[in-house]
Amino acid sequence: MNIKQIKYFVAAARHKSLSAAAKNQYVTVQAVSKAIADLEHELGSSLFVRESRGVKLTPFGSRFVQKAEKVLEEFAELEAFAQGSAAKKARPPLDLMLCVPAFYTTEKACRSIKRFLEKHLNVEASVVLGNSHACHQALEQNSIDAFISVGAVAEAGIECMPVGTVCPGVIMLRNHPYVKKDAISLEDMKKYPFNVSRKFDYFYEAVTKGFEGNPDFPPIEPADENTKSMLAFFLRGGMTACPCIASLGELFPGTVMRPFALEHSLAIPICLNFAAGRKTASLVSLERLLRNDLFMFSFGNGAD
């Protein structure tokens with residue numbers, strides 16, 4: 001018994017004719033007749049009664065066709081799965097890096113972006129974290145397609161494509177005096193220690209340049225960013241600037257995020273950065289997707 005015999009048998013049962021089945025399967029009547037005869041021989045029972053105007057299922061044939069149709073449906077699903085997997089493997093993968101410092105929910109962010117890419121581009125994607133040096137090195141070595149930065153990248157050999165914006169915010173401990181505020185003003189920031197991670201290169205540049213010359217902008221404390229020093233900083237009431245993306249959750253254990261007050265906010269670009277003149281097929285698809293307004297990233301004050 002083979003799948004070809006099952007296909008010809010089901011076609012004959014549906015059309016009640018060997019010749020109609022042959023036309024449906026794009027084969028000769030002789031091929032259909034032989035396949036069904038061989039199947040009947042293997043089963044040891046007749047499937048059809050031959051009549052002058054076609055064929056009619058026997059009682060056994062009527063029971064057999066119900067199971068045969070299910071087999072064909074499952075076989076069609078199996079073929080579709082195999083073809084889809086082969087097509088997916090044929091597509092080049094998409095490898096990205098996030099140019100941000102490590103934070104508490106790093107893995108969650110990478111998984112979310114990976115799922116987004118695989119859903120909308122139907123590619124195998126990988127998303128990992130890296131500082132600016134690691135991102136540049138990976139791009140030079142052609143081990144990634146692109147990296148995503150919070151803040152514009154203006155460097156030779158790199159094309160920077162804005163794909164959305166994010167406003168700045170601050171994180172502080174849950175018991176901070178300002179925790180009940182919906183937003184934090186520059187005046188508020190001046191009253192407690194304040195810093196911006198220099199490891200967050202492009203975000204740091206965007207914030208400091210955005211407030212350059214503003215006398216109300218608080219002085220930035222040097223940031224020693226190991227866990228023990230960060231905890232000591234927060235225990236002093238410290239606030240550290242960060243992209244205000246509430247959906248990332250806690251960026252540091254026991255902290256909350258609040259946006260800059262609207263009158264002090266900035267629209268910091270989120271950018272896709274890749275080697276000039278070198279675009280993989282998957283990167284072209286990603287660029288096309290991100291240029292679609294429906295998928296533009298835009299994070300306002302406190303937005304998810």
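Residues 24 or more positions apart supply 75% of the contacts in the protein that have a separation of 6 or more; contact means heavy atoms within 4.5 Å. The model is predicted: local features need pLDDT of at least 70, side-chain atom pairs count only at pLDDT 80 or more, and totals for chains, interfaces and linings use all residues. Residues are numbered from 1 along each chain as its sequence is written, and side-chain values use heavy atoms, with hydrogens and water left out.

**Build and shape**
- The protein has 10 helices and 12 strands. These are DSSP runs: helices are H or I with at least four residues, strands are E with at least two, numbered from the N terminus.
- The radius of gyration is 32 Å, well over the 19 Å that the globule rule gives for 304 residues, so the protein is more spread out than a compact globule. The radius is taken over C-alpha atoms, and the rule is 2.2 Å times the number of residues to the power 0.38.
- The C-alpha trace spans about 100 × 45 × 35 Å along its principal axes.

**Surface and burial**
- Of the 304 residues, 42% count as buried, meaning under 20% relative accessible area (1.4 Å probe, protein chains only).

- Q5 sits in helix α1, residues 3–15.
- Q5 counts as buried because its relative accessibility is 5%.
- Leaving out residues up to four places away in sequence, Q5 touches A35, D38, L39 and E42.

Definitions and conventions:
Buried < 20%, exposed > 50% of the residue type's maximum accessible area, 1.4 Å probe, protein only.
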